[in-house]
Amino acid sequence: MARKKASIDFEQSLADLQALVERLENGELSLEDSLAAFEQGIALTRDCQGALAQAEQKVQILLERDGELAAQPFDAEPEA
């Protein structure tokens with residue numbers, strides 16, 4: 001269950017970050033609100049980067065064979 005929660009947290013953080021970027025790009029926020037949104041965006045970015053780093057570590061562990069890391073290219077699109 002923790003794995004699903006981490007995935008949901010990452011997805012929610014990413015969605016929140018995208019919403020903040022849209023609000024900032026809109027240009028209708030006051031300077032104070034823009035700074036607060038920027039600060040929140042930095043925190044969300046750090047959360048997302050941490051989640052991605054953890055995922056990368058898990059993938060490396062799963063790919064490890066005979067004490068050596070067997071790097072595998074990631075193909076996002078399956079071959080047809």
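**Labels and cut-offs**

Modeller: Glu11 has its place in helix α1. Helices (H or I, at least four residues) and strands (E, at least two) are DSSP runs, numbered from the N terminus. This is a predicted model: local features need pLDDT of at least 70, side-chain atom pairs count only at pLDDT 80 or more, and totals for chains, interfaces and linings use all residues. Residues are numbered from 1 along each chain as its sequence is written, and side-chain values use heavy atoms, with hydrogens and water left out.

Biologist: Why is Glu11 called partly exposed?

Modeller: Buried means under 20% relative accessible area, exposed over 50%, and partly exposed in between (1.4 Å probe, protein chains only). Glu11 has 48% relative accessibility, so it counts as partly exposed. Its C-alpha is separated by 8.6 Å from that of Cys48, 37 residues apart along the chain.

Biologist: What makes Gln12 partly exposed?

Modeller: Gln12 also lies in helix α1. Its relative accessibility is 43%, so it counts as partly exposed. Gln12 and Leu44 are 32 residues apart in sequence, with 9.6 Å from C-alpha to C-alpha.

Biologist: Is Ser13 buried or exposed, and how do you know?

Modeller: Ser13 has a relative accessible area of 12%, so it is buried. Ser13 sits in helix α1, residues 2-26.

Biologist: Which residues does Ser13 touch?

Modeller: Ser13 touches Leu44, Asp47 and Cys48, leaving aside residues up to four places away in sequence. Contact means heavy atoms within 4.5 Å.

Biologist: Which residues of α2 are buried?

Modeller: Ala37, Gly41, Leu44 and Cys48 are buried in α2. Gln49, found in helix α2, has 52% relative accessibility, so it counts as exposed. Gln49 and Phe10 are 39 residues apart in sequence and 9.3 Å apart in space, C-alpha to C-alpha.

Biologist: How do you know what span to expect of α2?

Modeller: The expected span of a helix is 1.5 Å times one less than its number of residues. α2 has 33 residues, and 48 Å is expected. From first C-alpha to last, α2 reaches 47 Å, close to that value.

Biologist: And what makes the nonpolar surface patch?

Modeller: Leu24, Phe38 and Ile42 make it, with about 250 Å². Patch residues have over 30% relative accessible area and no salt bridge; like charges are joined within 9 Å, nonpolar side chains (Val, Leu, Ile, Met, Phe, Trp, Tyr) within 5 Å. A salt bridge is a side-chain nitrogen of Lys or Arg within 4 Å of a carboxyl oxygen of Asp or Glu. Ile42 is found in helix α2. Its relative accessible area is 32%, so Ile42 is partly exposed.

How values were computed: Areas by Shrake-Rupley, 256 points an atom, 1.4 Å probe, with all protein chains shown as cover.
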